[in-house]
Amino acid sequence: MTLTFASRIDGIQIRCLIGSDRPIAAPTLCFSLMAAPKVVSGGTMVRRVAGYAEIALPDLVPGTEHEVVLEHAHKEFGPRNRAWLPLGAYLRVGKECLPLPPRTDLGLREVDGPPAPALPADRVPLVPQPTEWRPSGATVAFATLAHVPGLDGVADLAVRLGLAPLMQAGGAALVVGEDPALGAEGYRLTIAPAGLSVTVGGPAGLHYAGITLLTLRETCGGKLPCGTITDTPRFGYRGQHLDCARHFFGVDFILRLLDLMALLKLNRFHWHFADDEAFRLEVETQPLLWQRTVFRGEGELVPGVFGGGIRAGGSYSKADVARVVARAKTLQIEVLPEIEVPAHSHAMVKAVPGLRDPGDNGEEVSVQGYLDNIVNPAVPGTWDLLVPLAKEVAGLFPLGILHLGADEAPHGAWDGSPAVAALKAREGLSTSDDVQGWMLAKLAAELGSEGVRVAAWEEAAKGCQGGIGNAALLFSWTGQGPGIEAARRGHDVVMCPAQHAYFDLAHSPDPDDWGAAWAGFVPLEKTVAWDPVPKGAENITPRIAGVEACFWGEFTVEDSQAEGMIAPRILGIATKGWEPAGRTDGSALRALAGAYAPLFDSIGWKRYRSA
Ligand code: TNX
């Protein structure tokens, strides 16, 4: 039997054509969109979970394609580009599932834009740009170093990236000195025809000097510019986040991402492995949590939301975690795990009984269209699960910080729960924000007693009792305003404003592009067109811990699709995290991206090529 399936955007509608060379009686079309769909014509919706839908179709007859017309339930989520077309489509006929031909147009088009401008003469081809660069004018050939204790992590990185070895017997000597005044991550590197020398603030500084040498060798074609680089990062937190819940990224992809981050002196990997669609860490405190959610699709607890198709998924074992943490350590990267509560917890609620109030008759809907994606802090089952779970997860990661989540509680959360009504009366709480804040503060106290600090998305600061509490590290994602406000109230803040730092957003408004659009589009230039400490907020400078870029996985069905969304934009976040304010603007970054293009290509990391 041959089945056909095609879809296209038509204004605010999505038109799908389904064909078969054999008659099929009463099929059900199953697929997922970015946001909750509704049927305009051609079938009847029989089941919907967030963006996933099952639509009963009339009998299919050979020779005639059947058309189904869809719209998003919320008009503000009108389809913007190819990524918004159905993903993971299949037909269910009786008990049988028939895969529809998979899309052949997944991910970014690889079309070259205009050539990048030349690098201005006052720049070295290095991202981030060093704090200070004093060129002497000469150049010197450089291939390898003799063994330098403390640079093994960089040498191993070179091997994994498929670059020439960094250290080898007979290589150039690197004279290493120490000066704590440079700061733990700082270094001063002198490149001269007479030889190489470096003064470092500590082991991390030496590591970054090694990264600089390796990078310049590659971007300068083996001829280093002579001079002195004095370099130290502006921020201590320089992060890249990866959503491994919506799409399961294999450990190998994560390790490759760590390598790329290391090349750009990023030092925090934010591992988002839990969300509405899955909890992927193989925890011992509650095995049901991952055992019942790691795969989604036909017959699974969570259907094929966000392109899972008939069945997709995977989980991370403790050995996987240990591998990621150990590799990260060799690259001066720490891993920040996130468990994501109380909202974005549909998978958790489905997998573990007792996390909801049975008397709850509320009908709150999450932004993604889930009806039951929030755990209830007024029932004991929630605490029985969360406290040991949070402690177990935190214990697997040496960083000593656990990200609790706390974003996007649905409007009116818990309003229908009698147990929460009683909790409100008892604790003097009135709104959902108050309840969430109370819950997070309680969880923070539990973790604090074990020496674990908490982190959370910006919403965690809300609530009449001060929300999660001042000790929490907050992530400002809807923009910078909430981060500034939180910093003024005494929180340390990581800035990850979607408008500049969300790499799941499309690069451009082109309908042939790929990605989300809810906070606009993020061309390369925009990744540096902001300041983590905005004008007028200089007094909160000490509270800004740093920056992070996020990659959310709603549109991703294959690991490699993430590459061109991340590169070259990751150059922008590396710039913001390390360089002094305003050092590299959009056009300089564009030129630097040109200098890095051959390096991305030689390490086999796909990049967005159109302008
Ligand atoms: C908002 S960012 C979310 C995520 C989505 C993302 C898509 C944040 C804390 N919550 O659940 O994946 O938008 O860009």
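**Exercise 1. The surroundings of the ligand**

Which residues are around the ligand? Identify them in this predicted model, and then give the distances for Arg246, Asp504 and Trp518.

*Solution.* 
Step 1. The residues around the ligand are Arg246, His344, Gln368, Asp407, Glu408, Trp457, Trp477, Tyr502, Asp504, Trp518, Trp552 and Glu554.
Step 2. For Arg246, an N or O atom of the side chain lies 2.8 Å from an oxygen atom of the ligand.
Step 3. For Asp504, the distance between a side-chain N or O atom and an oxygen atom of the ligand is 2.6 Å.
Step 4. For Trp518, a polar side-chain atom is 2.7 Å from an oxygen atom of the ligand.

**Exercise 2. Strand 3 and its partners**

Determine whether the residues of strand 3 are buried or exposed, and name the strands that pair with strand 3.

*Solution.* 
Step 1. Strand 3 (residues 28-32) is mostly covered, with five of its five residues buried.
Step 2. Thr28, Cys30 and Ser32 are buried on one side, and Leu29 and Phe31 are buried on the other, so that both faces are covered in the sense of under 20% relative accessible area.
Step 3. Strand 3 runs antiparallel to strand 6 (residues 52-56), to which five bridges join it; Ser32 stands opposite Tyr52 in strand 6.
Step 4. Strand 3 also pairs in the antiparallel sense with strand 8 (residues 87-93), over four bridges. In this pair, Leu29 stands opposite Leu91.

**Exercise 3. The length and covering of helix 2**

How many residues has helix 2, and what span does it reach? Explain also why helix 2 is described as largely enclosed.

*Solution.* 
Step 1. Helix 2 (residues 203-219) has 17 residues.
Step 2. From its first C-alpha to its last, helix 2 reaches 24 Å, close to the 24 Å expected at 1.5 Å a residue.
Step 3. Because 15 of its 17 residues are buried, helix 2 is largely enclosed by the rest of the structure.
Step 4. Just after helix 2, Gly221 takes a positive phi of about 60°.

**Exercise 4. Two buried residues**

Why do Val198 and Ser366 count as buried? State where each is placed and what it contacts.

*Solution.* 
Step 1. Val198 is placed in strand 13 (residues 195-200), whereas Ser366 is found in the loop between helix 6 (346-351) and helix 7 (380-395).
Step 2. The cut-off for buried is under 20% relative accessible area. Val198 has 2% relative accessibility and therefore counts as buried; Ser366, at 4%, also counts as buried.
Step 3. Leaving aside neighbours within four places in sequence, Val198 is in contact with several residues, including Leu174, Tyr187, Leu206 and Ala209.

Notes: Residues are numbered from 1 along each chain as its sequence is written. This is a predicted model: local features need pLDDT of at least 70, side-chain atom pairs count only at pLDDT 80 or more; totals for chains, interfaces and linings use all residues. Side-chain values use heavy atoms; hydrogens and water are left out. The expected span of a helix is 1.5 Å times one less than its number of residues. Buried means under 20% relative accessible area, exposed over 50%, partly exposed in between (1.4 Å probe, protein chains only). A residue is near a molecule or strand if one of its heavy atoms lies within 4 Å of it. A polar contact is a pair of N or O atoms within 3.5 Å; within protein, one must be able to donate a hydrogen and the other to accept it, and residues adjacent in sequence count only if both atoms are side-chain atoms. Contact means heavy atoms within 4.5 Å. Two strands pair if DSSP finds at least two bridges between them.
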